[in-house]
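Subject: Structure handed over, with notes

Dear colleague,

I am passing on the structure below, together with some notes on what was found in it. Please read the notes with the sequence and the model open beside you.

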Amino acid sequence: MSEWKARRFWTTVGLREAEGGVEILLDDRQLLTPGKHRLILPTEALAQAVAAEWKAQQGIIDPWSMPLTRAVNSAVEKVAPQMGAVAAMLAEYGGTDLLCYRATEPEVLIARQAKDWDPLIDWAATQLRAPLRITHGVIPIDQDPLALDRLRAQIDALDLYGLTALHDLVTIPGSLVLGLAVVAGRIDGAEAHRLSRIDEDFQIERWGADDEAREAAEGRRLSIGWAERLWTLSRRG
């Protein structure tokens, strides 16, 4: 027996103002999340982008071609019920931030990490008032609790869609500093992805890369890009 797949059942896709934002209409039916929660998006720009994904569906609905739809559904169904827990999980990355753990050799890699990572460590120290300690090697080091509290405050200041975007901007590269730098406009998603891959790219230069590794890296790059787009489109004003 073949697996049943949902097919396009609507003719038109539209927008309607609602309390708290904008909702999407499939014909005259309000778009709901898979769990039947009401979907009210904070900005018209985000609603238009999500609506465009629904307009583009032909025949069988392909959820993997709808990254923003998946993201907003996740925000409503997964992040909203546990915003405090999500914020706490992301804050933990500050204590083990990728940018704080440097190579012990060779010198060319040490220099590359310093050149590309030090400016963001300095940015966190000056702009976020969160100086972080740097070490060489993998032995954990303790960070100043006050610095971690200030990083947590940056997370706590985000709304639902900002926190949802930050989740991927932090967990995919493995760095709270990189994620916060993207939402602050200090760097873009493509640069965050590049900076997170300094070690991997150095190894590829020396030993080469296989197709599976390239595919995985491309998937991470795209996911970071969509998280950045969610952040940008969900901003009011």
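In the hairpin of β1 and β2, where two residues lie between the strands, Gly-20 adopts a positive phi near 95°; helices and strands here are DSSP runs numbered from the N terminus, helices being H or I of at least four residues and strands E of at least two. This is a predicted model, in which local features need pLDDT of at least 70 and side-chain atom pairs count only at pLDDT 80 or more, while totals for chains, interfaces and linings use all residues. Residues are numbered from 1 along each chain as its sequence is written, and side-chain values use heavy atoms, with hydrogens and water left out.

The sheet

Strand β2 (residues 21-26) pairs with β1 over six bridges in the antiparallel sense; Val-13 has Leu-26 of β2 as its bridge partner, and Leu-15 stands opposite Ile-24 in β2.

The loop at Pro-34

Pro-34 is placed in the loop between β3 (29-30) and α1 (44-55). Pro-34 is exposed, with a relative accessible area of 61%; exposed means over 50%, buried under 20% and partly exposed in between, with a 1.4 Å probe and protein chains only. Apart from its neighbours within four places in sequence, Pro-34 is in contact with Asn-73 and Glu-77, contact meaning heavy atoms within 4.5 Å. From C-alpha to C-alpha, Pro-34 and Arg-70 are 9.7 Å apart in space, although 36 residues separate them in sequence.

Helix α7 and its surroundings

Eight of the eight residues of helix α7 (residues 176-183) are buried, so this helix is largely enclosed by the rest of the structure. Those buried residues pack against α3 (83-95), α4 (107-127), α5 (145-156), α6 (160-171), α8 (189-196) and α10 (211-233). The N-terminal end of α7 is capped by Ser-175, a side-chain oxygen of which lies 3.3 Å from the backbone nitrogen of Val-177, and just after α7 Gly-185 takes a positive phi of about 80°.

With α6, helix α7 packs at an angle of about 135°, the two axes being 7 Å apart. The two helices are therefore oblique to each other, a word for angles that are not under 35 degrees (roughly parallel), over 145 (roughly antiparallel) or 65 to 115 (roughly perpendicular). Where they meet, Leu-166, Leu-169 and Val-170 in α6 face Leu-176, Gly-179, Leu-180, Val-182 and Val-183 in α7.

Lastly, His-193 lies in helix α8 and is buried, with a relative accessible area of 10%. Beyond its neighbours within four places in sequence, His-193 is in contact with Ala-217, Arg-220, Arg-221 and Ile-224.

With best wishes

How values were computed
A polar contact is a pair of N or O atoms within 3.5 Å; within protein, one must be able to donate a hydrogen and the other to accept it, and residues adjacent in sequence count only if both atoms are side-chain atoms. Two strands pair if DSSP finds at least two bridges between them. Axes are lines fitted to C-alpha atoms, for helices over the stretch in contact, and angles run from 0 to 180 degrees between N-to-C directions.
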